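Please look over the structure shown here before reading on. The report that follows takes up how the copies are related and then turns to the parts within them.

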There are 2 protein chains.
Amino acid sequence: MELFLERGYEQTTVADIAERAGLTARTFFRYFADKREVLFGGSAILEARMVSALEAAPSSASPLDAVAAALDAAADMLGERHKLSKQRQAVIAANGELRERELIKMASLSQALANGLRARGVPDSGANLAAETGVAVFRIAFESWVNGPARAKLSDVMHASMEQLRSLTAAD
Amino acid sequence: MELFLERGYEQTTVADIAERAGLTARTFFRYFADKREVLFGGSAILEARMVSALEAAPSSASPLDAVAAALDAAADMLGERHKLSKQRQAVIAANGELRERELIKMASLSQALANGLRARGVPDSGANLAAETGVAVFRIAFESWVNGPARAKLSDVMHASMEQLRSLTAAD
C-alpha cells in the first residue's frame, strides 16, 4: 500500500510489491490475482461479513436496525486498521479506474444487503431503500473516520452518522 | 434508443443511429460526441436543474427538504418520458460499461447536491449524508417508476419513496 502511495498505483509493478513484502512474484500470485486484488481482495469478505450480521439480527429488528448490525460488523473488521484504511483511500482517490471499481463494489454491497433484507421478509422497495441508505451511512462514516484522528472508533463514527440520518429525516 | 435494444449497444453503430433518426452521420456528430452521448447527454442537464432547484429552495427548508426540491425538478424533467426512460434503463442494464458510467454519474450528482447544501450552510457530514440519501431515493423511485405502469407519476413515486425513508428511519 505504501508503494502505491510512493510511486503511484500505475507505476507500481507486482515485482515491486512482492519485493517490499519479502515475497517472490510467484508467491505473490498465489495470494493475489493481480495488484488490484491488493486493494479490493478484502471487499468480498467485508460484504460476506456484513450480510451474515444482517441475517443474524433478531427477527424483531427493523430493516434499518438490521442494516445497522451489518455496519457494526464492518466496523469490527476495519476499525483496527486506521492507517491502512487511510492509505488505501488515498490510493483509490488518486486513480479514476480505482474510484470506479470502488463504486461498483459499493453497488454490489448495497444489492447484497437488499437481498438479505428481502430474505428477512422486507418488501422490495423498503429493502432497496434501507440498503442504499445503509451503504451511504457506511461510506460517509468511513470517509470521515479515515480523515479524522486515529484514536476515534469507527463504530462510534458510524453510530453518529446513523443518528444524524435519523435526525435529518425526522426534521419538521 | 430502440436500436440499442434491438441490436445491442455494442453492435449499434453511429451510422445505424443516424439512419434511423433520418440524419447524416455528420449531423449526428454535431449533436453528440459519440453514441454514449445519446444515453448520457442528458445527465449534465439533469444535474444542473437539480442543483438549481436545491439552491432555490427557501432558506428555511431543512437539508432533506432542499434535496426533495431537487428530486421534484428531476421528476419534472423526466416524468413525461416513461417509454424512453424504460428503454434507456434496459440498454444500460444490459452492458457492464454503461452500468459503471451510470454509477459515476450518480456519484457526481451526489457530490453536486452536497456542494449545493454546503453553500446553503449545511455542515459537511450532514450535507454528504442528505445528498447521498437523496440520490438513493431518486434511484430507487426512478427504477420503480420505470418498471411500473406508464400512467404513474414520477413525482408521486418519489414522494412515496421519501415518505418511506422517513418511516424507515423513524422506526423504534
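## How the copies meet

The two copies meet through the same surface, because 100% of the interface residues of chain A are also interface residues in chain B. A rotation of 180° with 0.0 Å of shift along its axis brings chain A onto chain B with an RMSD of 0.0 Å, where copies are superposed by least squares on the C-alpha atoms of residues with pLDDT of at least 70 in both. That is the relation of a two-fold axis. Among the residues of chain A, A:Thr133 comes closest to the rotation axis, its C-alpha lying at 2.9 Å.

This is a predicted model, in which local features need pLDDT of at least 70 and side-chain atom pairs count only at pLDDT 80 or more, while totals for chains, interfaces and linings use all residues. Residues are numbered from 1 along each chain as its sequence is written, and chains are lettered from A and ligands numbered from 1 in the order in which they are written.

## Chain A

Chain A has 9 helices and 0 strands, these being DSSP runs numbered from the N terminus (helices H or I, at least four residues; strands E, at least two). Its C-alpha trace spans about 55 × 30 × 25 Å along the principal axes.

## Helix H5 of chain B

Helix H5 of chain B (residues 63-78) has 16 residues and reaches 23 Å from its first C-alpha to its last, close to the 22 Å expected at 1.5 Å a residue, the expected span being 1.5 Å times one less than the number of residues.

Methods
Two residues are in contact if their C-beta atoms, placed from the backbone, lie within 7 Å.
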